[in-house]
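Keep the viewer open as you read.

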Amino acid sequence: MKEQFVSYAQCHEDILLYHAFHDLPKGFYVDVGANDPIELSVTKALQLRGWRGVNVEPLKEKYDLLCADRPLDLNVCCGAGSREDELTFRVDGMLTSCDPKAMDAAPLAEMRTLPVRRLSDILLDCCPDNTDIHLCKIDVEGFEEDVLRGIDFARHRPWVFVLETLINDNPESQHTKWEPALLEKGYLFARQVGMNRYYCALEHADLAARILSVEQLGRLYDLRFVVAQTPEDVLARRFGGAVFRRLPFLRRGFAHFAAKKDARMY
């Protein structure tokens, strides 16, 4: 019988990562741009299976949700960048960003000035020096290059990076801006699935072969997709637009119900 897995992530990143780290009973993640602790979360399914980590989220309302849902995690209310600063964020739900191009894309959106810190400084405050970071997911709507510049790779070397490369339905991939620097730091490209690219540290290169496609994983697991069961996503798939995904909180009640159900399952 196939093992059942309920996926919360938009591109099912959680099942890809669960399979890659299947031999690791409890891992440690760093979720940069964590946003909601359940809805479209890359780390929720891992958290339900005993993983713990650091969630970096600049929006206070999302940070409060993370604190309520992830009391055993370390939750930090700020943005991540290349230096300590205060930056203007365009607040647009899961598309919130401080990338200047994002401001031009939504000139009428709410703007907030929020603190930003180097990611390595955040990790120094949250993690002992000997902490293995198994996963670092970065989803910051175009600000990925700046976040990577804020990592001291001599001190913090995540085993696997997941970075968003297709942003806000823009067909132009963003990875050419930051991939060369990541490869120079001793990482190899493993696979692109959906809008994300996966990288493994060279010292953990064996993980690359375990990062499979969703189709391949469907042969190994009984996959259930929370995101695929909501009216909002049915509309988005049927009409092919991102506008439905921006409707606030339509699927949140269902996602919370599913998370509580899954917590009993595992």
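Burial comes up throughout, so here are the cut-offs: buried means under 20% relative accessible area, exposed means over 50%, and partly exposed is in between, with a 1.4 Å probe and protein chains only. What you're looking at is a predicted model, where local features need pLDDT of at least 70, side-chain atom pairs count only at pLDDT 80 or more, and totals for chains, interfaces and linings use all residues. Residues are numbered from 1 along each chain as its sequence is written, and side-chain values use heavy atoms, with hydrogens and water left out.

On to the charges. Side chains of opposite charge can pair when their charged atoms come close. For a salt bridge, the cut-off is a side-chain nitrogen of Lys or Arg within 4 Å of a carboxyl oxygen of Asp or Glu, and the structure holds 17 of these salt bridges. One of them joins arginine 210 to aspartate 23, with 3.5 Å between the closest N and O atoms. This pair links distant parts of the chain, 187 residues apart: arginine 210 is in the loop between strand E11 (196–201) and helix H8 (214–218), while aspartate 23 is in the loop between helix H1 (13–20) and strand E2 (28–32). (Helices, H or I with at least four residues, and strands, E with at least two, are DSSP runs numbered from the N terminus.) Arginine 210 is partly exposed because its relative accessible area is 27%, whereas aspartate 23, at 63%, is exposed.

Arginine 117 and aspartate 125 form another salt bridge, with their closest N and O atoms 2.6 Å apart. Here arginine 117 has a relative accessible area of 24%, so it is partly exposed, and aspartate 125 is exposed at 57%.

Now look at glutamate 179, which forms a salt bridge with arginine 197 at 2.7 Å between the closest N and O atoms. Glutamate 179 sits in helix H7 (residues 179–184) and arginine 197 in strand E11, so the bridge ties together parts that are 18 residues apart in sequence. Both glutamate 179 and arginine 197 are buried. Arginine 197 also has its charged end over the ring of phenylalanine 189, 3.8 Å from the ring centre; the test is NZ of Lys or CZ of Arg within 6 Å of the ring centre and within 35 degrees of the ring normal. Arginine 49 does likewise over the ring of tyrosine 18, at 4.7 Å from its centre.

Salt bridges also link Lys44, Asp69, Arg70 and Asp73 in a network. Asparagine 55, in strand E3 (residues 52–56), has contacts (heavy atoms within 4.5 Å) that include Arg70 and Asp73, leaving aside neighbours within four places in sequence. With a relative accessible area of 0%, asparagine 55 is buried.

What about the rings? Rings of Phe, Tyr and Trp (its six-membered ring) pair if their centres lie within 6.5 Å; planes under 30 degrees apart count as stacked, over 60 as edge-to-face, and the rest as tilted. The whole structure has 10 aromatic pairs. Phenylalanine 21 and tryptophan 159 have ring centres 6.4 Å apart and planes at 40°, so their pair is tilted. Phenylalanine 21 and tryptophan 159 are both buried. Tryptophan 178 and tyrosine 199 pair edge-to-face, with 5.9 Å centre to centre and 75° between the planes. Finally, ring pairs join Phe21, Tyr29, Trp51 and Trp159 into a cluster.
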